[in-house]
Amino acid sequence: MRFFIADAFSNEIFGGNPAGVVLIPEGCDFPDDETLRKTAAELRYSETAFIKTASGGKSEYQVRYFTPAAEVDLCGHATIASFYCLAKAGLLTKPHDTATTFISNATAHTKAGDIEITVQYGKSTADDTSEPEFVMMDMAEPRHIASIQDAVELDRLYDIMGSEFDQSLGLFPMIISTGLPDIILPVSNEADLHALKPDLQALTELSKAYNVTGVHAFTIAENQSEQQTDLVCHARNFAPLYEIDEEAATGTASGALTYYLCLNQKIGTKATCRFIQGEAMGRPSEILTTLDAGETCKIRVGGKAAILAEGEINL
């Protein structure tokens, strides 16, 4: 099986969030679940995506995601990494011309639903030298599952995170899913965000109690220009329930944060956001999201990627 190690949400290696990408040979099925989990554990990244061509054709893929501990329904950064690697390897359909650039479209069939993918190429020609430059993916339909407003629960949550609830923000934590449920946790400023030191064992138990993947903490960036067309936030993500103490870039949680900002009227119904994550880990990431909340709410998440290594797995 061919594999890649790619850094998602960065255009340079050793930035962004690394993921394993494993391609199942044509005509073969996925190995058993325990083999997939052990392979993910051996690669030692927070998530590894396993990909096989679906029966629908070359542009359709079945994708499964494993942490070293368990399977998860969806992983944003591993999806970005996967389709960048597929494009780089020339395995997607040939890019077609649009009014502004060349793109390839694909569909990822996941346990969280079917995800539409767009790969943008950096050159203005569709010849064999075109390089994939940017990957955007649809999020699952956003769901506001719950708000956390009880004083005792707020104190418990913020105490576990090593912080305090700031009532002056006018924002409460919410559990939101755009494929995976996360607690979206507002904090006062960038200094407080950087200072978070969660009790990981207590956070694991809390995640079980709330039935969430983890906590996605954020603060709106200071000194944003009135001319900016996007909203910039800084974020950190913690998911020790899945053996991820902290993650450098989290696509699904970025989708959830976008919906949170819309629900709390920090952005309009058509908006673009830019999230900076991974700074505390020395792996700065940049995640772009778009929101179109018309009759239905569509959120897309995307970014760049860089391949660190590739090779063969002998199974």
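Okay, so a definition to start: when I say surface patch, I mean residues with over 30% relative accessible area and no salt bridge, with like charges joined within 9 Å. Keep in mind that this is a predicted model.

With that in hand, here's the patch. D150, D155, D159, E164, D192 and D199 together make up a negative surface patch. Take E164 from that group: you'll find E164 in the loop that runs between α3 (151-161) and β11 (174-177). Is E164 buried or exposed? Its relative accessibility is 67%, so E164 counts as exposed.

R156 and E153 join their side chains in a salt bridge, at 3.6 Å from N to O. Both sit in helix α3, 3 residues apart, which is about one turn of the helix. R156 is partly exposed, at 37% relative accessible area, and E153 is also in the partly exposed class, at 24%.

Now, how many salt bridges does the structure hold? There are 15.

The bit I'd like you to look at is a network of salt bridges linking D33, R64, E71 and K111. Let's go through E71's partners. E71 and R64 meet through their side chains, 2.9 Å from N to O. R64 is buried, with 13% relative accessible area, while E71 comes out as partly exposed, at 22%. Then there's K111, which forms a salt bridge with E71, and here the closest N and O atoms are 3.1 Å apart. That pair ties together distant parts of the chain: K111 is in the loop between β7 (102-110) and β8 (113-121), E71 is in strand β5 (residues 71-72), and they're 40 residues apart.

Okay, over to the nonpolar side of things. In soluble globular proteins, nonpolar side chains tend to be buried together. Here the largest nonpolar core has 58 residues, and the ones touching the most other members are F83, L92, I117, F218, Y260 and L261. Which helix gives the most to this core? That's α2, residues 76-88, with 8 residues. Apart from that core there's another one, of 18 residues, including L154, L157, I160 and I175.

Definitions and conventions:
Residues are numbered from 1 along each chain as its sequence is written. This is a predicted model: local features need pLDDT of at least 70, side-chain atom pairs count only at pLDDT 80 or more; totals for chains, interfaces and linings use all residues. Side-chain values use heavy atoms; hydrogens and water are left out. Patches are made of residues with over 30% relative accessible area and no salt bridge: like charges are joined within 9 Å, nonpolar side chains (Val, Leu, Ile, Met, Phe, Trp, Tyr) within 5 Å. Accessible areas come from the Shrake-Rupley method with a 1.4 Å probe; for residues, only the protein chains shown count as cover. A salt bridge is a side-chain nitrogen of Lys or Arg within 4 Å of a carboxyl oxygen of Asp or Glu. Lys and Arg count as positive and Asp and Glu as negative; His and the chain ends are not counted. The place of a charge is taken as NZ of Lys, CZ of Arg, CG of Asp or CD of Glu. Helices (H or I, at least four residues) and strands (E, at least two) are DSSP runs, numbered from the N terminus. Buried means under 20% relative accessible area, exposed over 50%, partly exposed in between (1.4 Å probe, protein chains only). A nonpolar core is a set of buried Ala, Val, Leu, Ile, Met, Phe, Trp, Tyr and Cys residues joined through side-chain atoms within 4.5 Å.
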